[in-house]
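Please read each point alongside the sequence and the model.

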Amino acid sequence: MDGVGAVAALGALAQEHRLALFRLLVQAGPDGMAAGAIAEALGVPNSSLSFHLAQLSRAGLISQERQHRSLIYRADYPAMNALVGYLLENCCGGAGCMPEAACGPADAALSRQRKSA
């Protein structure tokens, strides 16, 4: 990821509903969520949801897929990891201050299990 991509991604996340939406999709894992289920979970009107989904999609943070009559939205884990990697690049003066870890659907599921335990 470069600076332009990072600014676009951070700009898309710099809004309360979009941040909540992205977090919801990360937690949903690889199955993603239908637009109606997202709207219900967040309590956001469909017109507002469409706007927020478009912003996150343009920033490359989510993808959409048509399944029958539904649009399924998923977090783009490689894009999320690239953003985090960009932000942490050369952290601690270039010394390895933390182990490299990539987040993905399996990690999200593990995190949910820990929270419910």
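1. Helices α3 and α4 are roughly perpendicular to each other, a label given to angles of 65 to 115 degrees, whereas angles under 35 count as roughly parallel, over 145 as roughly antiparallel and the rest as oblique. Helix α3 spans residues 35-42, and the angle at which α3 and α4 pack is about 110°, with their axes 10 Å apart. The contact is made by Ala35, Ile38 and Ala39 from α3 and by Asn46, Leu49 and Leu53 from α4. Axes here are lines fitted to C-alpha atoms, for helices over the stretch in contact, and angles run from 0 to 180 degrees between N-to-C directions. Contact means heavy atoms within 4.5 Å.

2. This is a predicted model, in which local features need pLDDT of at least 70 and side-chain atom pairs count only at pLDDT 80 or more, while totals for chains, interfaces and linings use all residues. Residues are numbered from 1 along each chain as its sequence is written, and side-chain values use heavy atoms, with hydrogens and water left out.

3. The protein chain contains 6 helices and 3 strands. Read from the N terminus, the order of its elements is α-α-β-α-α-β-β-α-α. Helices (H or I, at least four residues) and strands (E, at least two) are DSSP runs, numbered from the N terminus. Of the 117 residues in the protein chain, 28% are buried; buried means under 20% relative accessible area, exposed over 50% and partly exposed in between, with a 1.4 Å probe and protein chains only. Among contacts between residues at least 6 apart in sequence, 61% join residues at least 24 apart.

4. Ala35 lies in helix α3. Is Ala35 buried or partly exposed? Its relative accessibility is 24%, so Ala35 counts as partly exposed. Leaving aside residues up to four places away in sequence, Ala35 touches Leu49, Leu71 and Tyr73. Ala35 and Asn46 are 11 residues apart in sequence, and their C-alpha atoms are 8.2 Å apart in space.

5. The 3 strands form an open sheet in the order β1-β3-β2, with antiparallel pairing. Strands β1 (33-34) and β2 are the edge strands, each pairing on one side only. Two strands pair if DSSP finds at least two bridges between them. Strands of a sheet pair through backbone hydrogen bonds, either parallel or antiparallel.

6. Strand β2 (residues 62-67) pairs with strand β3 (residues 70-75) in the antiparallel sense over 6 bridges. Leu71 in β3 is the bridge partner of Arg66, and Ser70 in β3 is the bridge partner of Gln67. These two strands, β2 and β3, form a hairpin with 2 residues between them, and His68 in the turn has a positive phi of about 60°. Strands β1 and β3 also run antiparallel, joined by 2 bridges. Ala34 has Ile72 in β3 as its bridge partner.

7. How does Ile72 sit within the fold? Ile72 belongs to strand β3, and its relative accessible area of 9% is why Ile72 counts as buried. Setting aside residues up to four places away in sequence, Ile72 touches Asp31, Gly32, Met33, Ala34, Ser63, Gln64, Glu65 and Gln67.

8. Helix α1 (residues 3-13) has Ala6, Ala9, Ala12 and Leu13 as its buried residues. They cover an arc of only 130° around the axis, so they lie on the same side of α1; the arc is that of the directions from the helix axis to the C-beta atoms. An α-helix has 3.6 residues a turn, so residues three or four places apart point the same way. The exposed residues Val4 and Val7 are on the face of α1 turned away from its buried side. The cover over the buried residues of α1 includes α2 (16-28), α4 (46-58) and α5 (77-88).

9. The axes of α1 and α5 come within 10 Å and cross at roughly 110°, and α1 and α5 are therefore roughly perpendicular to each other. Their crossing is left-handed, a term used if the near helix is turned anticlockwise from the far one by less than a right angle, and right-handed if clockwise. At this crossing, Gly3, Ala6, Ala9, Leu10 and Leu13 of α1 meet Leu83, Tyr86 and Leu87 of α5.
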